[in-house]
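Trainee: I've got the model open on my screen. Could you walk me through it, one question at a time?

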Amino acid sequence: MARWDPGAEQRLKRAALELYLERGYDNVTVTHIAERAGLTRRSYFRYFPDKREVLFAGSEGLPPALAEAVLAADPNAAPFAAVLDALARVGAELVQRVDGAMERRAVIDASPELQERERTKTAAITEAIRNALEQRQVNAGTAELVAQLATVAFQNAFRRWIETEGHASFGSCLHAVTDGLRAALAGT
């Protein structure tokens with residue numbers, strides 16, 4: 001077997017997702033995933049540090065991408081408008097690269113351990129947005145509130161996009177979520 005097998009990372013991701021759906025996250029080992037992908041356990045660890053991270057690979061790039069997009073937004077835009085613009089741009093790029101989103105969501109929803117990992121990822125997103133807003137000279141309290149609301153909007157828009165099985169654009173899902181948020185805040 002070649003030292004660096006082309007397509008190995010994608011095969012491992014697909015194998016893990018299939019096995020998690022078939023057996024449940026807690027009943028799958030790294031060895032099971034590697035064998036399903038036609039690789040060795042050692043090969044698995046070249047790509048992922050543990051069986052959890054196979055589902056979250058690449059997510060570490062989301063907070064910096066969002067922060068960069070917030071910083072690049074119109075400098076005259078209100079904080080929430082700047083963040084929504086950033087979420088729409090980054091979200092549109094994200095959904096182009098997502099594979100098996102509905103299945104991945106089902107696996108995460110069924111596992112407290114994975115839900116905790118998802119919360120850690122969400123906290124990193126909120127922190128990145130908050131820090132970017134503070135760099136835009138938004139006061140800390142407002143930056144925190146906007147970052148928290150934006151993160152909730154982003155999560156809900158992504159879930160809505162998953163539920164449409166990718167038939168709706170991420171932007172339209174985000175728009176629907178933010179319209180609902182604005183209506184709720186206005187009391188209508």
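Trainee: Leaving aside neighbours within four places in sequence, which residues is Thr-178 in contact with?

Mentor: First, a caution: this is a predicted model, where local features need pLDDT of at least 70, side-chain atom pairs count only at pLDDT 80 or more, and totals for chains, interfaces and linings use all residues. Residues are numbered from 1 along each chain as its sequence is written, and side-chain values use heavy atoms, with hydrogens and water left out. Thr-178 lies in helix α9 (residues 170-186), helices being DSSP runs of H or I with at least four residues, numbered from the N terminus. With contact meaning heavy atoms within 4.5 Å, the partners of Thr-178 beyond those neighbours are Leu-84 and Ala-153.

Trainee: Is Thr-178 buried or exposed, and at what relative accessible area?

Mentor: The cut-offs, with a 1.4 Å probe and protein chains only, are under 20% relative accessible area for buried, over 50% for exposed, and partly exposed in between. Thr-178 counts as buried, as its relative accessible area is 4%.

Trainee: At what angle do the axes of α5 and α9 cross?

Mentor: Axes here are lines fitted to C-alpha atoms, for helices over the stretch in contact, and angles run from 0 to 180 degrees between N-to-C directions. Helix α5 (residues 79-97) and α9 have axes that come within 8 Å. Their crossing angle is roughly 145 degrees.

Trainee: How many charged residues are in the contact of α5 with α9?

Mentor: On the α5 side you'll find Phe-80, Leu-84, Leu-87, Ala-88, Gly-91, Ala-92 and Val-95, meeting Phe-170, Leu-174, Thr-178, Leu-181 and Arg-182 of α9. For the classes, Ala, Val, Leu, Ile, Met, Phe, Trp, Tyr, Cys and Pro are nonpolar, Asp, Glu, Lys and Arg are charged, and the others, Gly among them, are polar. The contact of α5 with α9 has nine nonpolar residues, two polar and, as for charged, one.

Trainee: Is α4 roughly parallel or roughly antiparallel to α7?

Mentor: Helix α4 (residues 62-72) packs on helix α7 (residues 112-135) at about 25 degrees, with the axes 8 Å apart. An angle under 35 degrees counts as roughly parallel, over 145 as roughly antiparallel, 65 to 115 as roughly perpendicular, and the rest as oblique. So α4 and α7 are roughly parallel.

Trainee: Which residues of α6 are buried, and why do they line one face of the helix?

Mentor: Look down the axis of α6: the buried residues fall within an arc of 160 degrees, so they line one face. That arc is taken from the directions from the helix axis to the C-beta atoms. In helix α6 (residues 101-109), the buried ones are Ala-101, Arg-104, Arg-105, Val-107 and Ile-108.

Trainee: What is phi of Gln-137 near?

Mentor: Gln-137 sits in the loop between α7 and α8. This residue is exposed, at 69% relative accessible area. Phi is positive although the residue is not glycine, with a value near 70 degrees.

Trainee: And where is Glu-165 found?

Mentor: Glu-165 also has a positive phi in a residue other than glycine, near 55 degrees. Glu-165 is exposed, with 55% relative accessible area. Its place is the loop between α8 and α9.

How values were computed:
Helix = DSSP H or I, 4+ residues; strand = E, 2+ residues; numbered from the N terminus.
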